[in-house]
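User: Please take a close look at one part of this model. Then connect it to what surrounds it, and give the cut-offs as you go.

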Amino acid sequence: MDVSGEARNNSNLQIPYSSLTVDHTLPVPDMKPSLVKLCKDLFKKWSNLDESHFSAQRVAGGITNLLLKVSVEEQDGNIVHVTVRLYGPNTEYVIDRERELKAIHYLSAAGFGAKLLGVFGNGMVQSFIHARTLEPLDLRKPKLAAEIAKQLKRFHQVDIPGSKEPQLWIDISKFFERASSLTFDDHEKQKRYSTISFKEVHTEIIKLKELTGHLNAPVVFSHNDLLSGNLMLNEDEEKLYIIDFEYGSYSYRGFDIGNHFNEYAGYDCDYTLYPNKDEQYHFFRHYLQSERADKVSEKDLEALYVETSCYMLASHLYWALWALIQAKMSPIDFDYLGYFFLRYNEYKKQKDTCLSLGRSYLSESKTRGRSEDN
Ligand SMILES: Nc1ncnc2c1ncn2[C@@H]1O[C@H](COP(=O)(O)OP(=O)(O)OP(=O)(O)O)[C@@H](O)[C@H]1O
């Protein structure tokens, strides 16, 4: 895809920028004039094309932003497709846009996701990926799971300059502060919200943070939102794309993997679909040794199993609190409050088993360590 000279000369974050904004509340046909103006402003090679050369349509999916596909017929008849992402209103409460732009730059240089072509007042323009979006049931297909594991390992190895401090508990704590001090005008919502014990949630956060802190999980650049909708597959080229780095940050390896496993349940949160131990081991083998998956030791598999099982709990707390903020801030018609309860109830259902798995693993490692010392 070749949009413009300016867009390709972006080795040092020199991405074309426009201060224009696009009103996300308009129906797509009414948005077209401002989309055309925006594209012409960002990409000078399109500045002489008239409006008839542009078409726009909505891309399905996504519960955070509005994604549009803009197709442009250039002078020579060549058709170029780009995506225009309009940030969901109030998403700055849960997404750090500066962190996202920096991550996109380095991840796209490492071959991940769509190319960043331009940034504007309330969104960004990226290359259009010709591939199908995965469905939750795809995630457990052995061949795909192995490929996701391999790609995720490569993703985790990307170096994003700057602080490598893990953000998980910082983000959870920010979410907690915001989520625990909301009020809703809607009486029914307020009633449901007031049934939540934030004291209890807080205790759970402290307990989990304490336990996971002993696991010494590696800190990696973590996607943090690896759901099926953020994986695209071009079957002809057998190329898998990891997209959408909005929540990416340095974090714990086990969190990213556990969070991905939680996504086997899909938006309906059918946690009976959570991968069983064999399926997890299959994933871990390809994650730990992409070329020699059969050579991974039992000890490494067990350690990653425990790490993932404990951090999987943190993923429930993270998205449960996120959903409360969204319930207040997002204009999108989705039962975010209901989503809080789905995630938090699953946390409560799983916590005893996972925490005791973590505790016995830690006490066995201590005993092992002591007998090795003797
Ligand atoms: N560059 C792209 N090219 C083609 N399709 C894309 C591209 N980026 C996203 N999509 C499609 O749009 C869908 C929604 O995109 P995306 O996940 O970025 O939106 P979102 O609002 O951030 O969603 P969510 O909050 O649910 O993660 C994706 O599942 C994919 O089908």
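Analyst: Strand β9 covers residues 231-234 and runs antiparallel to β10, with 4 bridges joining the two. Strands here are DSSP runs of E with at least two residues, helices are runs of H or I with at least four, and both are numbered from the N terminus. Two strands pair if DSSP finds at least two bridges between them. Asn-234 has Lys-239 in β10 as its bridge partner.

The model is predicted, with pLDDT of at least 70 needed for local features and 80 or more for side-chain atom pairs, while totals for chains, interfaces and linings use all residues. Residues are numbered from 1 along each chain as its sequence is written, and side-chain values use heavy atoms, leaving out hydrogens and water.

Now the whole sheet around β9. It is open, has 3 strands in the order β7-β9-β10, and pairs antiparallel. β7 (132-133) and β10 (239-242) are the edges; each has a single partner strand, so one side of each has no neighbour in the sheet. Helix α4, residues 142-156, lies across β9 and β10. Its angle to β10 is about 50°. Contact means heavy atoms within 4.5 Å. Axes are lines fitted to C-alpha atoms, for helices over the stretch in contact, and angles between N-to-C directions run from 0 to 180 degrees.

A second open sheet has 6 strands and mixed pairing, in the order β1-β5-β6-β4-β3-β2. Its edge strands, β1 (17-18) and β2 (54-58), each pair on one side only. Inside it, β3 (residues 66-73) and β4 (residues 79-86) pair antiparallel over 8 bridges. Val-70 stands opposite Val-82 in β4. Two helices lie across strands of this sheet. Helix α2 (residues 28-42) lies across β1, β2, β3, β4, β5 (116-120) and β6 (123-127), at about 125° to β2.

Asn-259 sits in helix α8, residues 253-262. Its relative accessibility is 0%, so it counts as buried (under 20% relative accessible area; exposed is over 50%, partly exposed in between, with a 1.4 Å probe and protein chains only). Beyond neighbours within four places in sequence, Asn-259 contacts Asn-224, Asp-225, Leu-226, Ser-315 and Trp-319. Leu-313 is 54 residues away along the chain, yet its C-alpha lies 8.5 Å from that of Asn-259.

Trp-319 also belongs to an aromatic cluster. Rings of Phe, Tyr and Trp (its six-membered ring) pair with centres within 6.5 Å; planes under 30 degrees apart are stacked, over 60 edge-to-face, the rest tilted. The whole structure holds 28 aromatic pairs. Phe-184 and Tyr-193 form an edge-to-face one, 5.2 Å centre to centre with 65° between the planes. Both of these residues are buried. Tyr-344 and Tyr-347 are stacked, at 6.0 Å centre to centre and 5° between the planes. They lie 3 residues apart in helix α11 (residues 336-373), about one turn of the helix. Tyr-344 and Tyr-347 are buried too.

Phe-184 also has a lysine over its face: Lys-328, 5.9 Å from the ring centre. Lys-277 lies over the face of Tyr-305, at 4.7 Å from the ring centre. Such a charge (NZ of Lys or CZ of Arg) is within 6 Å of the ring centre and within 35 degrees of the ring normal.
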